[in-house]
Amino acid sequence: MPCPARSQFVAPTPLPSFVDVLPNASEGIEQGTAAEDVCTTPVEPYQNVPPIPISVVEADVEGSGSGDETCVEEGIYGEGGILGDIEEHRIFRSKKELMTCLSITAMTEKFQYKVFKSKPSFVVVRCVHTSCSWRVRAKKLKKHTCPTDFKPVRRRQATSWVVGECVKRKLINPGRVYRPRDVMDDMKRKFGVDISYSVAWRGRECAYDNLRLGTPEQSYKLLPGYLHMLMATNLGSVVNLEVSDGNKFQYLFIAFAASIHGFSYCRPVISIDATHLKGKYRGVLFTAVCHDANQQIFPLAFGVGDSENDASWSWFLGRVKSVFGVNPALVIVSDRHRSINNAIQEVFPQAFHGICMYHLLNNLKTKFRNKTKELEQHYIRTAKTYNLQDFHVLFYTLCSAVPGVKEYLEAVGLDRWTRSHAPSRRYNIMTTNISESLNAMLVKVRELPITAFVNEIRLLCQKWFHEHRTKAAGCTTMMSKGIETKLEERKDRAQAMGKFQLDQLPCDHVLAVVRVISPIPHISSWTIAQEISEFELQPPDVRTVAGRRRKRRLPSIGEELPTPKCSRCKERGHNRATCQNPIALHPADEAECPGSNLPTRQPTHPSDQQSMQQL
């Protein structure tokens, strides 16, 4: 078996293999070998050879094959297979594994080889063609002679990049929580190696860089080529990349061709929102979303900027206007951010700007703290009502229950938060829930570098559009399946309340015209113009703050974050692991525990008596 000290070094092959530096060997066959010792037939008895480590001493592979080159990225046996590059100093677990790899390589690259010499500890093969110089010579590794007590727990080969190669398969999912402490535990369990916290952290970062198309700085340099391939594979998509002085990143706008084509069949109500990115260079993600015919999220456009200010919002909405045009009945729903309001007045002065009902409710809870229960009960019914007669009754009840709320809501504008007073149809979109839902889907990938982050957005939209198109193909009526179900459930009651006149449920042809988003080929097959490949995009200027980057967002005004509930004492504010509340042994008994109001039984068993003494 190979020495454990060498098992920490991972060679750049599909499998965790070992690397050994052996003396240079220039001869393919040892001196003095007779002609009758040379085997010219394929070797089969190697199957009975015990598993010993075999090292490739010499490999001249430049002249191999018939010119029909084949790139093999994964092992033929799947993950954990044995197929890899035949190169010098590669170590195989056994001679059988070496011969199997040689045979598979010969079949893949369409050439033949013959074995010149084969022993349990030595093998030489070369191509059958006389003019070809391809050959491989391998020999058995010598055993270590170091004393058995010389086995340090910390290995000098356990460097950060080696640790990253060992754990990168566990970080393929962007949402995986994998702490440096988990890296330390896995290295100890798998290889018996103790590594420091700093090595574990750097190893995890090396794995991230390998899986996320390089470092954050390299990701910005890769972005122009990626955007070029995005437009080449999805004709009709609109991409705008704005740079500042020094080719530094400033703004990015993306609208897929499928979104541009499908919006003309959707109801003209757009929900916009922004959320912060969590990467090294931070930034803000802008989103514009609407509903499709099945009441599902229909992404329209994405943007990336420096912060949520007037300039960035005006730039993003300006691109939305240039791509999707202007509709006289357009309604934009958002929160009460001042920059959003200023940008809408500048870019879409003719559009109606509605306020998210939920965000306004949080503002009311902050201002009228003593009337939270009554406020929420009457406010939601008042905002959602369909006709003016019911609104006046409900609004009077709300103002009577919460003094002072009438002046506040009238100053905001009744038409901006109610359905009955809206000059344009808001349909059933009274909140920005579709934008918040999209942000929640991207909460884990917002930590990725810019190019990997944009790619995750494309993958998510590609998945959604494909699923929606598949659902549309199964529609048999004029209504989509989701709308048809709601129609049957609420038909009688909806007619009486006038919901059909305001909601105007769409039909399935909106789903039928949904197009798909094409994938982007691997980076090795990109075809990019020279001026794009030579353009080096630099990351934006960001002031680095000391300490760890914030991962959790700050709650909005009036937002109530859920608190954990202990499964042991059933109280909120802590969990079972940190619970310190006394628990009754038997709540049915009437006796009380000293120092506590919780009922318990009298201790009769020695273990119970010991527990009572501790209390």
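Me: The expected span of a helix is 1.5 Å times one less than its number of residues. What span should helix α1 (residues 95–109) have, and how far apart are its end C-alpha atoms?

Reply: At 1.5 Å a residue, the 15 residues of α1 should span 21 Å, and this agrees with its end C-alpha atoms, which are 21 Å apart. Please keep in mind that this is a predicted model, in which local features need pLDDT of at least 70 and side-chain atom pairs count only at pLDDT 80 or more, while totals for chains, interfaces and linings use all residues. Residues are numbered from 1 along each chain as its sequence is written, and side-chain values use heavy atoms, with hydrogens and water left out. Helices (H or I, at least four residues) and strands (E, at least two) are DSSP runs, numbered from the N terminus.

Me: Switching to strands: in what order do the seven strands of the open sheet come?

Reply: The order in that open sheet is β7-β8-β11-β10-β9-β12-β13, with mixed pairing; two strands pair if DSSP finds at least two bridges between them. At the edges are β7 (238–244) and β13 (352–355), each of which pairs on one side only.

Me: In which sense do β7 and β8 pair?

Reply: β7 and β8 pair in the antiparallel sense, over seven bridges, and Val-238 stands opposite Ala-255 in β8. The pairing of β8 with β11 is also antiparallel, over three bridges, and there Leu-252 stands opposite Val-304 in β11.

Me: What about β9 and β12, in which sense do they pair?

Reply: Strand β9 (residues 269–276) and strand β12 (residues 331–334) pair in the parallel sense over three bridges, and Val-269 stands opposite Val-331 in β12.

Me: Back to β8: how many of its residues are buried?

Reply: Six of the eight residues of β8 are buried, so this strand is largely enclosed by the rest of the structure.

Me: And what sits between β7 and β8 in their hairpin?

Reply: There are three residues between the two strands of that hairpin, where Gly-246 takes a positive phi near 80 degrees. Asn-247 also has its place in the loop between β7 and β8, and although Asn-247 is not a glycine, its phi is positive too, near 60 degrees. With a relative accessible area of 33%, Asn-247 is partly exposed.

Me: Why point out that it isn't glycine?

Reply: Most residues other than glycine have a negative phi.

Me: Where is Arg-282 found, then?

Reply: Arg-282 is found in the loop between β9 and β10, and its phi is positive, near 50 degrees, again in a residue other than glycine. Arg-282 is partly exposed, as its relative accessible area is 36%.

Me: Last one: is His-378 buried or exposed?

Reply: His-378, which has its place in helix α10 (residues 372–384), counts as buried at 16% relative accessibility. Leaving aside neighbours within four places in sequence, His-378 is in contact (heavy atoms within 4.5 Å) with Thr-397, Leu-398 and Ala-401.

Conventions:
Buried < 20%, exposed > 50% of the residue type's maximum accessible area, 1.4 Å probe, protein only.
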